[in-house]
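This briefing covers a strand arrangement and a set of ring contacts. Please look at the sequence and the structure first, then read the points below.

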Amino acid sequence: MIYLDNAATTFPKPQSVIDAVCDCMKNYGGNAGRGGHYLARKSFEKVYECREVMADFIKADSPEQIIFTKNTTEAINLAVKGIIKSGDEIIISSMEHNSVLRSCISMEKRGAKVKIVRANHEGCVSADDVISAITAQTRLICIIHASNVVGTVNPVREICKRAREKNVLTLVDAAQSGGILPVDTSCGDLIAFAGHKGLYGPFGTGVLYIRKGLKLDTLIEGGTGSLSESAFMPESLPERFEAGTVNTCAIAGLCEGIKFVVNEGVAEREAELGAFFKEQLSTVKGIKLLGKSDTAVMGVLLKNHDCVEVAERLDAEYNIATRAGLHCCPMAHRTLGTISSGLLRFSAGYFNTKDEITTAAKALENIISE
Amino acid sequence: MLATMASITSATRLKRHAYEFGVYSSVIQTPQQIAREGCGYSLRFDDSAKNIVLNAAKELGVRIRSFYYESESEGKKTYSKVVE
């Protein structure tokens, strides 16, 4: 199969990731941070190593600021619900994924207000528009870094810098940019990552970076392996936000995934494939490439064809995996004018080849020219 | 000697930082008799390294709750708190 659905999850995973997961399951699967025996310590060391590797990767001050979650959505929920109180205002862009939209809208029931800043026709939000939307009640700005629908990249560094000058916090959804674009702590006060996408880790891994000194309420409570006599969650990070057993084997894989991204030049490879993909699709008649495709995510509007039916034919007849529809992003599709039609999304990853991309562009041309 | 801490993350971080100053240590679960609020972790190291460990903790911003001398007599371990 030609797998061009890497924005949903990257596939295949590097062998080092697979080996690390298997090694953990076979050889040292104790419960990290619970008890003092060798296997528990070894598991904890591996989880801590991943925390260190991730902290280095995004230039965080210390590993404690890296919180492991099960995915980006959980990281976003933790950030939003941990920060927002009644009376607060949240600014989001019109390109946000449902993970941001739904978690923010749910805060309206708790007395918060959500303000949506509209992106332009390419899916890009203006930093000026975001900053001028700030009021005395604004507590948090949530912005998607790279669109999961059309690959447009937003100016998160500029927004973060200017928001800090006004004492407003920023939460960046880096699900589609972590590992693919430079993302570091200058991008946001809180940054949510997907472990299983651009960081090439296994499913069930996500990360929330929390800027030093920020106080958040907990999303869930439970055992932390520490301060067991207290009925309250500890204040110390990361324990405060990691109640219950962590996904050690997957985190062991994530650790190798991040190393792979750093050592193998994944960002450069994806940039090269993205540019090539854009070029190939530009020659296909009867389609329109929407947005900016700054990453290797291509949102294709099909004239006179149902995008889901075309995706089905690509799968069944050409063995090509894509994703069609609204991509859990109805606001983005309204912004782009594709809420009724949806889009066909191609997303390349490190393991794709230029031949595969050429084959996919030809297959698309064949289908729509019939 | 033991330096008791609230979390295994703090203990591990301090272990790694102390190693940079030549102090070899290990992370252990804090013995129940001195675990003030239950299920803590401690760093075990040679008594002579106490000040180095303390300074390393200050550099990191890691809070050490207490230091304890460890001793063993007739197969039984005892811990005596270091009074500053």
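Two strands pair if DSSP finds at least two bridges between them; strands (E, at least two residues) and helices (H or I, at least four) are DSSP runs, numbered from the N terminus. This is a predicted model, in which local features need pLDDT of at least 70, side-chain atom pairs count only at pLDDT 80 or more, and totals for chains, interfaces and linings use all residues. Residues are numbered from 1 along each chain as its sequence is written, chains are lettered from A and ligands numbered from 1 in the order in which they are written, and side-chain values use heavy atoms, with hydrogens and water left out.

**The sheet of chain B**

- Chain B has an open sheet of 5 strands in the order E2-E3-E1-E4-E5, with antiparallel pairing.
- Strand E2 (26-29) and strand E5 (76-81) of chain B are the edge strands, and each pairs on one side only.
- From one strand to the next, the twist averages 35° (axes are lines fitted to C-alpha atoms, for helices over the stretch in contact, and angles run from 0 to 180 degrees between N-to-C directions).
- Helix H1 (residues 8-20) of chain B packs on the sheet and touches E1, E2 and E3 of chain B, where contact means heavy atoms within 4.5 Å.
- The direction of helix H1 of chain B makes about 20° with that of E3(B).
- Strand E1 (residues 2-5) and strand E3 (residues 41-44) of chain B run antiparallel and are joined by 4 bridges.
- B:Thr4 has B:Ser42 in E3(B) as its bridge partner.

**Aromatic pairs**

- Rings of Phe, Tyr and Trp (its six-membered ring) pair if their centres lie within 6.5 Å; planes under 30 degrees apart count as stacked, over 60 as edge-to-face and the rest as tilted.
- Over all chains, the whole structure holds 9 aromatic pairs.
- A:Phe260 and A:Phe351 are stacked, at 5.8 Å centre to centre and 20° between the planes.
- A:Phe260 is in helix H7 (residues 248-264) of chain A, and A:Phe351, 91 residues apart from it, is in the loop between strand E13 (343-347) and helix H11 (354-369) of chain A.
- B:Phe45 and B:Phe67 form an edge-to-face pair, because their planes are at 85°, with the centres 6.3 Å apart.
- Ring pairs link A:Tyr200, A:Phe260, A:Tyr350 and A:Phe351 into a cluster.
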